[in-house]
Amino acid sequence: MSVGSRLRAIRENLKMNQSEFGQFIDVAQTTLSAYENDSRKINYEKCKKIAAKCNVSIEWLYEGIGDKYSTTETILRDLENAPMVKESDFVFYTSSFIPV
C-alpha cells in the first residue's frame, strides 16, 4: 500500500470527499488527488501535519510501518495539546480539590 492509498483510506474512513478532506488538511483538491494517485510525492513534514490532524501514526502514513493508530503517539500528542492546569484553578475544601 502506498502513501497515496493510505491517505485515501484515511479520507474514506472520515467519510469526506477530496474537496472536504483537502480543506481539512489544508491542501487543494487537485493536490490531494495527485497525492492519492501517487502522481505527486508528499513530503515528510506535510505527512506529519496530516497524521497529527487525522490522529494516525506518522510511521504508518509515511512508511506503512506499524499500526495505523498508535496509542502512545496519541497520548503524547494529546498531552502536548492539553491546557496546563495551575494550582490557582482549584479551590481547596477540606481534603479534596474541586475545579473552580
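Mentor: Buried means under 20% relative accessible area, exposed over 50%, and partly exposed in between, with a 1.4 Å probe and protein chains only. This is a predicted model, in which local features need pLDDT of at least 70, side-chain atom pairs count only at pLDDT 80 or more, and totals for chains, interfaces and linings use all residues. Residues are numbered from 1 along each chain as its sequence is written, and side-chain values use heavy atoms, leaving out hydrogens and water.

Trainee: Is Gln18 buried or exposed?

Mentor: Gln18 is buried, because its relative accessible area is 17%.

Trainee: Which helix does Gln18 lie in?

Mentor: Gln18 belongs to helix α2, residues 18-25. Helices (H or I, at least four residues) and strands (E, at least two) are DSSP runs, numbered from the N terminus.

Trainee: Which residues is Gln18 in contact with, leaving aside neighbours within four places in sequence?

Mentor: They are Arg11, Gln29, Leu32, Ser33 and Glu36, where contact means heavy atoms within 4.5 Å.

Trainee: On another topic, how many helices and strands has the protein chain?

Mentor: There are six helices and two strands, in the order α-α-α-α-α-α-β-β along the sequence.

Trainee: What share of the residues is buried?

Mentor: Of the 100 residues in the protein chain, 30% are buried.

Trainee: And how many disulfides does the structure hold?

Mentor: It holds zero disulfides, a disulfide being a pair of cysteine sulfur atoms within 2.5 Å. Cys47 is buried at a relative accessible area of 0%, and Cys54 is buried at 12%.
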